Amino acid sequence: MGLDSKKDVHLGGSSAGSVSRLEVLEGPSGRRVRSEAERARIVAESLLPGAQVSEVARKHGATRWQIYDWRRRFRQRGMLPPCEASQPTFRAADRGRCVGGASGSGDQA
């Protein structure tokens, strides 16, 4: 393929499997910085009926554990209702985690 101008390393790979989108994150750590509003939108999407946290996370370039952590933080600040008040639904795959709502202990990673 060619040389990376910053690191002078050869980038291996075939041209047959092309990348449709490449996002370069700049800054000292290369980490994505999300606003509180963006986190809130992602958390709200993850709480919709039938939503799977792993799919929502993949869609937004996050991990499911980040979303669980964001839920917990919003809950601690009183920005999400407790799970009991929202009548949660449970699925076997969730192993007792609060789904569709939030509780003080249900979503902890």
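1. Glu36 and Arg77 form a salt bridge, with their closest N and O atoms 3.1 Å apart. Glu36 belongs to helix H1 (residues 36-46) and Arg77 to the segment after H3, so the contact ties together parts that are 41 residues apart in sequence. The model is a predicted one. Glu36 is partly exposed, at 38% relative accessibility, and Arg77 is also partly exposed, at 49%.

2. A salt bridge also joins the side chains of Glu45 and Lys59, at 3.0 Å from N to O. This pair links distant parts of the chain, with Glu45 in helix H1 and Lys59 in helix H2 (residues 53-60), 14 residues apart. Lys59 is exposed, because its relative accessibility of 58% lies over the 50% cut-off.

3. Within helix H3, Arg72 forms a salt bridge with Asp69. Their closest N and O atoms are 2.1 Å apart, and the two residues are separated by 3 positions, about one turn of the helix. Arg72 is partly exposed, with a relative accessibility of 22%.

4. The salt bridges number 6 by the rule applied.

5. Sorted by class, the lining of the second largest pocket comprises 6 charged, 2 polar and 1 nonpolar residues.

How values were computed
Residues are numbered from 1 along each chain as its sequence is written. This is a predicted model: local features need pLDDT of at least 70, side-chain atom pairs count only at pLDDT 80 or more; totals for chains, interfaces and linings use all residues. Side-chain values use heavy atoms; hydrogens and water are left out. Ala, Val, Leu, Ile, Met, Phe, Trp, Tyr, Cys and Pro count as nonpolar, Asp, Glu, Lys and Arg as charged, and the others, Gly among them, as polar. A salt bridge is a side-chain nitrogen of Lys or Arg within 4 Å of a carboxyl oxygen of Asp or Glu. Helices (H or I, at least four residues) and strands (E, at least two) are DSSP runs, numbered from the N terminus. Buried means under 20% relative accessible area, exposed over 50%, partly exposed in between (1.4 Å probe, protein chains only).
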